[in-house]
Amino acid sequence: QVQLVESGGGLVQPGGSLRLSCAASGSIFSIFVMGWYRQAPGKQRELVAAITSGGSTNYPDSVKGRFTISRDNAKSTVYLQMNSLKPEDTAVYYCNAYRRNLRGHEYDYWGQGTQVTVSS
């Protein structure tokens, strides 16, 4: 079992920056693929960024060049640095931990979410 706690959300003006943090506990953090997802009202949850245990990252085009995901395995924490924020980035942001073992069993955990609002 993994517990995930996000922090760092809030209200920011367009063009501003925020850094989200997600602290994990309860299992071996370093073996999980960590991701950030977001869900805006009336829309499906979408992947914002992901980072593997080896440090490889993945971003959709909508945030590429503006968002950066990183992880500190010693602190069992994953971060999302968000720059040049736009109103369309407004959403609840969720932290996710995922892994699949050699037997194909999947482990998929979610945080409670943190609100990010981009508005003037």
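## Strand pairing around strand 3

Ala-23 stands opposite Thr-77 in strand 8. This is a predicted model. Strand 3 and strand 8 run antiparallel and share six bridges.

Strand 3 also pairs with strand 1, which covers residues 3–7. That pairing is antiparallel too, with five bridges. Within strand 1, Leu-4 faces Ala-24 of strand 3.

## The disulfide

The structure has one disulfide. Cys-22 and Cys-95 form it, with an S to S distance of 2.1 Å. Cys-22 sits in strand 3 and Cys-95 in strand 9, so the bond ties together parts that are 73 residues apart in sequence.

Both cysteines, Cys-22 and Cys-95, are buried. The torsion about their S-S bond is about -85°, so the disulfide is left-handed.

## The nonpolar core

In soluble globular proteins, nonpolar side chains tend to be buried together. Here the largest nonpolar core has 30 residues. Seven names stand out for touching the most other members: Leu-4, Met-34, Trp-36, Val-78, Leu-80, Met-82 and Tyr-93.

## Met-34 and its contacts

Which residues does Met-34 contact, leaving aside its neighbours within four places in sequence? The list includes Leu-4, Phe-29 and Val-78. Ala-49, Ala-50 and Ile-51 are also in contact with Met-34.

Cys-95 is a disulfide cysteine. Leu-4 stands opposite Ala-24.

## Glu-46 in strand 5

Glu-46 belongs to strand 5. Is Glu-46 buried, partly exposed or exposed? Its relative accessible area is 35%. Buried means under 20% and exposed over 50%, so Glu-46 counts as partly exposed.

Leaving aside neighbours within four places in sequence, Glu-46 contacts Trp-36, Tyr-37 and Arg-38. With Arg-38, the side chain of Glu-46 makes a polar contact of 2.7 Å. Trp-36 is one of the core residues that touch the most other members.

Pro-60 lies 14 residues from Glu-46 along the chain. The C-alpha atoms of Glu-46 and Pro-60 are separated by 9.3 Å.

Note on methods
Residues numbered from 1 in each chain as written. Predicted model: local features only at pLDDT ≥ 70, side-chain atom pairs only at ≥ 80, totals over all residues. Heavy atoms only, no water. Core = buried A, V, L, I, M, F, W, Y, C linked by side-chain atoms within 4.5 Å. Buried < 20%, exposed > 50% of the residue type's maximum accessible area, 1.4 Å probe, protein only. Contact = heavy atoms within 4.5 Å. Disulfide = S-S within 2.5 Å. Helix = DSSP H or I, 4+ residues; strand = E, 2+ residues; numbered from the N terminus. Pairing = 2+ DSSP bridges. Polar contact = N/O pair within 3.5 Å; in protein donor to acceptor, adjacent residues only side chain to side chain.
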